[in-house]
Protein chains: 2
Amino acid sequence: MSIRIAIFDDNKNIRNSIILLLNTDPAFEVVGTFSDAQHCVENVLTSRPDVVLMDIEMPGVNGIEAVKLLTKEFPHIQILIQTVFEDDERVFDSICAGASGYILKNQLNSSLTDAIKELQTGGSPMSPSIARRVLNILQQGYQNKKQPANEEYNLTAREKEVLTAIVNGLSYKMIGYELNISYETVRSHIKKIYEKLHVASLTEVVAKAINQNIV
Amino acid sequence: MSIRIAIFDDNKNIRNSIILLLNTDPAFEVVGTFSDAQHCVENVLTSRPDVVLMDIEMPGVNGIEAVKLLTKEFPHIQILIQTVFEDDERVFDSICAGASGYILKNQLNSSLTDAIKELQTGGSPMSPSIARRVLNILQQGYQNKKQPANEEYNLTAREKEVLTAIVNGLSYKMIGYELNISYETVRSHIKKIYEKLHVASLTEVVAKAINQNIV
DNA sequence: CTCCGCATAACCCATACCGGTTATATAGTT
DNA sequence: AACTATATAACCGGTATGGGTTATGCGGAG
């Protein structure tokens, strides 16, 4: 059974050349071509494609918005972004919107058919230059998240338990009940935590614990 | 000028077959092969490769640790992970450690040479199945980060000021002083905030404010 | 012009939290 | 055996928070 494909692209020439290309391989069947994404949900509903080829720059609803709409309605649909843009912003937004692949138009031809087949086997075709951007985004996110996590406060296991309970909003009394220790023991632990984190109130503890993800 | 390549892999057969493969193309020059990453920094220092092929599973220092060490010492080095593993954990760690590409061993051969060339032109070769995982990681990170940020609590500008002060660890008295309002007014605002955030203590406010980045 | 949201402010009372200090038992170290 | 870290526990006194209630002045929506 052939792979059903829908094409969204505002450029008629590109649409036609893609159709020509895909028709040379019996593995593909173009079931719909659309010049805008205004009615993409209905278009997909009626043409029932396995794979959607999506341009980004289009009049009206842009490709990224369309991806959001489509993945919301059809969570398992495979969407391959094909565009001339390769800025971080659009790459990131497309992925977050739910695209399964992202390839550049300047290297379509041979790779497009491979890319579609990869989509069907659970892969995510990506142009190497796009992949580089994706990696950079991930690495940056990692740094932003993990950077302040370095400082070591030498909290004991018990103190971390208490700390977690505090961050979860429990009162001293509740913490004592949860950990099967007395109210005063909870206080003892918390005093120690205050010392080690160099703070003097629960609010500061919570802020510090979350921001430096100690919990 | 040919691309200088260093290989880290504990399997002698794999090392040899990679060398054989790369030697068929004059664009490549293997300048070092190492069975472990114990002395990877020195190895790279002496062999001066443009591209490092790195296995993950190795005795002693594993490939991900090696990537961290190498990118720390040589920030501009290109490291291509080649492994049989494709679990989220290792993919994520490798990228965060600073790898520029990640391909699976079961599809080396033809693609390895292409991958190395892509690295040199600023691309990040990735096996499609790896790329899928990377996209999933990004999408999840996005959801975790952005999802809880949507809820609108209808805090007024003043309430947000008070909230920020709370998160910064100020006491009611200090907040009053900072905002030039009375202690009791601060309390009034905080009571309102409790209502709107559906909480009943400062610790909960701080945790909620930070986690849902209201501040 | 009246009602509502907002910012301001005050009061009472109860409970929670903070700081300092002290103490015991246990386990691991030197 | 003496020392250290950890977990446990208690007491006192002081300050901070939390809940409920009420009130005033201002500005915008109807």
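Among contacts in chain A between residues at least 6 apart in sequence, what percentage join residues at least 24 apart? The figure is 62%, where two residues are in contact if their C-beta atoms, placed from the backbone, lie within 7 Å. This is a predicted model, in which local features need pLDDT of at least 70 and side-chain atom pairs count only at pLDDT 80 or more, while totals for chains, interfaces and linings use all residues. Residues are numbered from 1 along each chain as its sequence is written, and chains are lettered from A and ligands numbered from 1 in the order in which they are written.

**Chain A at a glance**
- Chain A holds 10 helices and 5 strands; helices (H or I, at least four residues) and strands (E, at least two) are DSSP runs, numbered from the N terminus.
- Of its 215 residues, 37% count as buried, meaning that 20 or more other C-beta atoms lie within 10 Å of the residue's own, with C-beta atoms placed from the backbone.

**How the two copies relate**

- Chain B has an open sheet of 5 strands in the order 2-1-3-4-5, with parallel pairing; two strands pair if DSSP finds at least two bridges between them.
- Its edge strands, each pairing on one side only, are strand 2 (28-34) and strand 5 (101-104).
- Strand 1 (residues 3-8) and strand 3 (residues 51-54) of chain B pair over 4 bridges, and Ala6(B) has Val52(B) as its bridge partner in strand 3.

**Helix 10 of chain B**
- Helix 10 (residues 202-211) of chain B is largely enclosed by the rest of the structure, because 7 of its 10 residues are buried.
- Among these buried residues are Leu202(B), Val205(B) and Lys208(B).
- Their cover includes helix 7 (157-167) and helix 10 (202-211) of chain A.

**Around DNA strand C**
- Of the 18 residues around DNA strand C, Ala200(A), Thr156(B), Arg158(B), Ile181(B) and Glu184(B) come nearest; a residue is near a strand if its C-beta atom, placed from the backbone, lies within 6 Å of it.
- Helix 9 of chain B gives the most to this surface, with 4 residues.

Methods
Buried ≥ 20, exposed ≤ 12 C-beta atoms within 10 Å, placed from the backbone.
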